[in-house]
Amino acid sequence: MAFEKKATLLGSNEQFQVNPNVKKYTLRDNGFEETKKGNFQLSRTMDTNMINNQGVKLKIVVSNELTQLKLSVTTGNGLRTVNIYSGDAYKEIREKAAFTLENLVERGVLEKA
C-alpha cells in the first residue's frame with residue numbers, strides 16, 4: 001500500500017489526511033513510533049478481547065515528510081486487510097476505530113478531508 005494525501009479505511013466513506021500543522025513530537029506524544037525509514041507508525045489492537053493477540057489492528061503510518069499517510073485495519077499478523085464495515089460482526093471494532101480516528105483529529109494529528 002502506497003502513501004496517499006487522503007486515505008480511508010477499506011469500506012468506509014470517511015477520508016482523512018495529515019494535519020498540515022502536525023509536528024513530529026505531536027506524533028510521538030500520541031503513541032506513534034518512528035520506523036527505520038523515518039516514518040511514524042501507530043498500531044492499535046481493536047479486538048475487544050484483550051487476551052486474544054490475534055485480533056484485528058488499526059494501523060496508521062505517516063510519511064517522514066508528514067504530508068502523506070496510510071490507513072488500514074489488518075489481521076493480527078498484519079498480512080491481510082480486513083473490511084470492518086461489512087456486516088454486524090465488526091460493530092464494536094468499528095466503534096473503537098472511529099473513536100481512535102476522532103481522537104487523533106481532536107489532537108491535531110489528522111483532519112477529515
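Predicted model: local features only at pLDDT ≥ 70, side-chain atom pairs only at ≥ 80, totals over all residues.
Which residue in E7 does Phe 16 stand opposite? Phe 16 stands opposite Lys 112.

## Ground rules

Residues are numbered from 1 along each chain as its sequence is written, and side-chain values use heavy atoms, leaving out hydrogens and water.

## The open sheet

E2 and E7 are joined by 3 bridges and run antiparallel; two strands pair if DSSP finds at least two bridges between them. They belong to an open sheet of 3 strands, ordered E1-E2-E7, with E1 (6–7) and E7 (110–112) as the edge strands. Strands (E, at least two residues) and helices (H or I, at least four) are DSSP runs numbered from the N terminus.

Helix H2 lies across E2 and E7, at about 105 degrees to E7. That angle is between N-to-C directions, from 0 to 180 degrees, with axes fitted to C-alpha atoms, for helices over the stretch in contact (heavy atoms within 4.5 Å).

## E4, E5 and E6

E5 pairs antiparallel with E4 over 6 bridges, and Leu 42 has Ile 60 as its bridge partner. E5 also pairs antiparallel with E6, again over 6 bridges. The E5–E6 hairpin has 6 residues between its strands, and Leu 66 in the turn has a positive phi of about 60 degrees.

Phe 32 touches residues including Leu 27, Ile 60 and Leu 104.

Notes
Lists of a residue's contacts leave out its neighbours within four places in sequence.
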